[in-house]
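Please open the model in your viewer and keep the sequence panel beside it. The stops below say what to select next and what is to be found there.

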Amino acid sequence: MSEAAAADYPRPPELDAVFHCSEIRRDDDRILYYGISDVDERELVRRVWPAFREAGYEVQVVTTDSGLDVIVARPYADGLDGVPWVNVGLFVATVATTLLVGATAWYYVPFSTIQENPLSVLQAWPFTAAVLGVLLTHELGHYALGRYHGVDVSLPYVIPFILPFGTMGAIIRMRGQMPDREALFDIGVAGPLAGLAATIVVTVVGLLLGPFTVPQSVLGGGGQVIVFNNPPLLDLIAAALNQPTGYTDPTKTAHPVVMGAWVGMFFTVLNLLPVGQLDGGHIVRAMVGRRQETVAAFVPTALFGIAAYLYFVRDLGLNESVGLWAFWGLFSAFIAYRGPAEPIDDTALGPKRIAVGVFTFALGLLCFMLVPIQVTTI
């Protein structure tokens with residue numbers, strides 16, 4: 001590449017101080033710097049990131065098969081670039097699946113009725129609003145703090161699914177480097193705290209709506225039903241409001257909006273597992289540094305231990321909760337290898353953020369259920 005052409009690309013002195021650049025190429029909006037680094041990948045990013053970011057670029061480092069190091073610089077995305085059609089499409093699909101599941105599972109609308117009149121699923125709009133309200137508030141907490149700290153984060157992606165809730169949750173993508181532990185902590189903790197605030201509101205609304213009437217056609221069916229046990233936080237809110245969460249009258253059950261709150265609490269527990277790219281992994285990484293890897297190593301063992309306890313000691317057999325914790329034991333072992341985001345500045349957090357982190361995990365424990373789901377015969 002000619003000197004004139006090379007002058008069109010950012011080449012800060014911090015780069016030349018630790019990187020012997022042999023070639024610069026453009027690949028669409030990315031700029032690729034080929035060469036040999038004098039330092040390891042993490043140190044290279046730490047050295048060059050501030051200068052590239054000041055020039056409007058995010059950077060990452062990869063290694064080619066030939067042994068060359070490649071610094072990949074791409075423009076930092078500050079705000080939306082056009083309509084996020086993928087996010088919109090997934091949101092619309094998740095509205096449809098939560099309405100369908102909510103109508104059939106929680107509002108007891110027969111599927112034959114939905115086939116005759118598809119608009120009958122709109123009866124479940126309070127359930128859909130509760131579930132998506134909690135999930136989107138959680139993810140928008142991450143998004144807001146990501147933008148505040150100048151980290152390139154996407155809008156939320158909600159994931160449509162079928163049973164039992166109509167969704168598998170929501171995620172955002174963090175595409176930029178994490179500047180420091182404070183940013184990592186703030187982004188990680190904002191989701192659970194925002195989501196739990198929304199969950200508490202949804203719980204209060206659901207409990208105040210009072211009982212929901214179960215159709216006689218459902219009661220006369222007999223057979224097996226899925227029971228969702230209460231987390232302690234739900235019981236505490238119900239006690240504070242002097243509202244029941246269950247009824248001796250078989251024709252009455254908790255309002256479906258309460259089920260939306262249950263979803264928020266359950267997803268909070270899973271998100272706060274201190275492994276990998278989960279919120280808990282980011283929070284613990286920011287709080288204790290690289291010792292997070294030691295904490296994460298115990299998580300799969302703990303989850304397998306819960307499954308074994310329920311199976312052997314509680315004698316529950318291969319019920320739904322045993323399978324749930326065993327699955328998350330496997331899943332947490334898988335994602336632990338990827339690890340949390342690595343901050344460029346690894347300076348320790350102050351005591352205020354540590355206290356907020358401890359408080360967040362305490363709230364998470366109030367959402368934990370040893371046996372969240374079980375099937376019982378009626």
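Which residues of α12 are buried? Select helix α12 (residues 292–313), and colour Gln292, Ala296, Val299, Pro300, Leu303, Ile306, Ala307 and Leu310, which are the buried ones; buried means under 20% relative accessible area, exposed means over 50%, and partly exposed lies in between (1.4 Å probe, protein chains only). An α-helix has 3.6 residues a turn, so residues three or four places apart point the same way.

Before moving on, note how the model should be read. This is a predicted model, in which local features need pLDDT of at least 70 and side-chain atom pairs count only at pLDDT 80 or more, while totals for chains, interfaces and linings use all residues. Residues are numbered from 1 along each chain as its sequence is written, and side-chain values use heavy atoms, with hydrogens and water left out.

**The whole chain**

Of the 378 residues, 46% are buried. Among contacts (heavy atoms within 4.5 Å) between residues at least 6 apart in sequence, 70% join residues at least 24 apart.

Now colour by pLDDT, the predictor's confidence in each residue, from 0 to 100. The chain average is 89, and 93% of the residues score at least 70. Select residues 1–6, where pLDDT stays under 50 and the model has four contacts beyond four places in sequence. Where pLDDT is low, the predicted coordinates should not be read in detail.

Following α12 is Asp315, with a positive phi near 55 degrees.

Next select Gly276, in the loop between α10 (256–271) and α11 (279–288). Gly276 is buried, at 1% relative accessible area, and its C-alpha lies 7.7 Å from that of Ala296, 20 residues away in sequence. Beyond its neighbours within four places in sequence, the contacts of Gly276 include Gly281, His282, Gln292 and Ile335.

Select helix α3 (residues 41–54), which has 14 residues and reaches 20 Å from its first C-alpha to its last. At Val48 the helix α3 bends by about 40 degrees, with Pro50 following within four residues; the bend is the angle between axes fitted to the seven residues ending there and the seven starting there. Among the buried residues of α3 are Val48, Trp49 and Arg53, and just after the helix Gly56 takes a positive phi of about 95 degrees.

From there go to Glu58 in strand β3 (residues 57–63). Is Glu58 buried or exposed? Glu58 counts as buried, at 3% relative accessibility. A polar contact of 3.1 Å joins its side chain to that of Trp49, a polar contact being a pair of N or O atoms within 3.5 Å; within protein, one must be able to donate a hydrogen and the other to accept it, and residues adjacent in sequence count only if both atoms are side-chain atoms. Arg53, Arg74 and Gln177 are also among the residues in contact with Glu58.

**Thr98 in α4**

Select Thr98 in helix α4 (residues 85–106), a buried residue with a relative accessible area of 0%. The side chain of Thr98 reaches the backbone oxygen of Thr94 at 2.7 Å, and a polar atom of that side chain lies 3.1 Å from the backbone oxygen of Val95. Leaving aside neighbours within four places in sequence, Thr98 is in contact with Phe127, Thr128, Leu132, Phe165, Gly166 and Thr167.

**Last stop**

Finally, select Pro215 in the loop between β8 (212–213) and α8 (216–219). Pro215 is partly exposed, with a relative accessible area of 26%, and its C-alpha is separated by 43 Å from that of Ala144, 71 residues away along the chain.

Technical notes
Helices (H or I, at least four residues) and strands (E, at least two) are DSSP runs, numbered from the N terminus. The expected span of a helix is 1.5 Å times one less than its number of residues.
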